[in-house]
Amino acid sequence: MADKPKVAVYWLGACAGCDESIVDLNETLLQLAQVVDIVLWPVAMDFKYAHIEALKDGEISLSILSGSVRNSDHEEMAGLLRKKSKLVLALGACACFGGTAGLANFKTKEEIFSWVYLDAPTVVNPEARFPQTETRVDGKVLTLPEFYDHVYTLDQIIEVDYYLPGCPPPPDLIANAVNSVLTGDLPPIGSTLAPRMALCDTCSRNKKKPSKMEITQIKRIHEVEADPDSCFLAEGIICMGPATRTGCGETCMKTNLPCRGCFGPPPGVVGAGPKYLSALTSLIKAEKTEEIHEIIKDIVDPAGYFYRFTQPSSILGRKKPKKQMEE
Amino acid sequence: MAESNPKLVCFSCKFGWGYLSEESALASKITNWIPVVCSGKIDTSHILKAFRAGADGVLILGCSEGHCHFQDGNIQTEKKVLLLQKVLETFGIEQERLEIQLSMDPDGQNIPLLIKKMEENLIKLGPIKRL
């Protein structure tokens, strides 16, 4: 066991979908277990954090971290695993860009707490009690992690060596990433271990795209019966393909759903949201202000659409953690 | 934002705004003024970066409808701006902080006036609360 490279898999502010995708490696996972020593994987196996703390710095060859950083526990574990690991892979849209959980940045911590613990119709909390980081019970102190006022991407908290986006990332890219680490065949630090093209470049629907697209009405996917072969945008259905990196295997397209942007922007693009907004508006057929208003009024929650996975890494959404600001 | 001194960034099209005046003379009257070759050249990320860098408002001056030197750059930007206003609202930035005016002003004498008018609105709005 001692000679095998050590691998840790950990979830921060995550839903376990990324872990599920690792499980979807199926038999490959068994082969992997033969050649690496999994030292931490809370979703699948039982470990003690004390064992990780006892390891030497840099002793873990690869830590695969999924999820965003929303509370002090996430930050502590991310810091611990960074210290103990040679390489850190940010796995999934949440670790890479903040993910859907990052949409919470459109609300303040106070608004979230008020809704969750007071105002939501199913909540009964007459004494208006909110979670505390410390509570004294029978002379003992119970603690909870501190809920931060912002959702952070992993690289806003610790240094990240490689990125593999997706919600979840597909098993084939996970296998490639782990193999690259094991064989040492790695691209430069900071690389995203996924193809460099936009989704439209690999989308099979691209063949049926008209030479000139003109959107006169925005439609939502549940309101229409979308043609299974046609370009969604040509039908006026919002599809994030033009501003999204490919590599997902087009799983959404194959089930007749438009791209939601979970692979984040292609290389060189800061902020998929504004780039997508520009791309979409260029397709809208309108020549007068009133015509523009008439068409865009049907885009329900544009910020939610365009920043669905990337709010915390976006130009306006990104924020430095308190600790880094103090330094 | 100081109470009486909001930071406003103004982008204007060189083909419609101030082309008969000396650019440096106009620039001496206006801070944070960025004349561009067509309002269609203004990218959404330029606008967002201005807000990120501390702007309280962004004003875009493009050519009037049907008068774009490059066919429809002005309309392309108007479409971006009208949708971006909705996005900014979600970020806690009021729609009034991003304005577009499609018109013509060869002397550019109206540019400082329009800026002043928008600055007055920005003073009423106060500083951006969320960023």
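About 40 Å³ of space lies in the second largest cavity of this predicted model. That cavity is one of two in the structure with a volume of 30 Å³ or more, and the largest cavity holds about 80 Å³. Beyond these enclosed spaces, there is an interface to look at: chain A and chain B bury about 2,500 Å² between them.

**The second largest cavity**

- If you want to find this space in the structure, look for A:M240, A:R260, A:G261 and A:A272, which are among the residues that line the second largest cavity.
- The lining of the second largest cavity also includes the run A:F306, A:Y307, A:R308, A:F309 and A:T310.
- Sorted by class, five residues of this lining are nonpolar, two are polar and two are charged.

**The largest cavity**

- The space in the largest cavity comes to about 80 Å³.
- Valines in its lining include A:V7, A:V9, A:V36 and A:V178, while A:L25, A:L29 and A:L32 are leucines that line the largest cavity.
- The isoleucines A:I22, A:I38, A:I64 and A:I174 also line the largest cavity, along with A:W41.
- The class count for the lining of the largest cavity is 12 nonpolar residues, with no polar and no charged ones.
- Three elements of chain A, namely β1 (6-11), α2 (27-35) and α7 (171-183), each give at least two residues to the lining of the largest cavity.

**Where chain A meets chain B**

- How many residues of each chain are in contact across the interface? Chain A contributes 32 residues, and these touch 24 residues of chain B.
- Of the roughly 2,500 Å² buried between the two chains, carbon and sulfur atoms give 67%.
- Two salt bridges are counted between chain A and chain B.
- One salt bridge pairs A:K288 with B:E65, and their closest N and O atoms are 3.4 Å apart.
- There are also 10 residue pairs in polar contact between chain A and chain B, counting pairs with both residues at pLDDT 80 or more.
- Which elements give two or more residues to the side of chain A that touches chain B? They are α10 (272-283), α11 (289-296) and α12 (302-306), which belong to chain A.
- The largest share of that side comes from α10(A), which supplies seven residues.
- By class, the side of chain A that touches chain B has 15 nonpolar, 10 polar and seven charged residues.

Conventions: Residues numbered from 1 in each chain as written. Chains lettered and ligands numbered in written order. Predicted model: local features only at pLDDT ≥ 70, side-chain atom pairs only at ≥ 80, totals over all residues. Heavy atoms only, no water. 1 Å grid on protein atoms, 1.4 Å probe; cavity = no way out; pocket = protein on both sides within 12 Å on 5 of 7 lines; lining within 4 Å. Points joined across faces, edges and corners; volume = space filled by probe spheres on them. Helix = DSSP H or I, 4+ residues; strand = E, 2+ residues; numbered from the N terminus. Nonpolar A, V, L, I, M, F, W, Y, C, P; charged D, E, K, R; others polar. Contact = heavy atoms within 4.5 Å. Buried area = accessible area lost by both parts, 1.4 Å probe. Salt bridge = Lys/Arg side-chain N within 4 Å of Asp/Glu carboxyl O. Polar contact = N/O pair within 3.5 Å; in protein donor to acceptor, adjacent residues only side chain to side chain.
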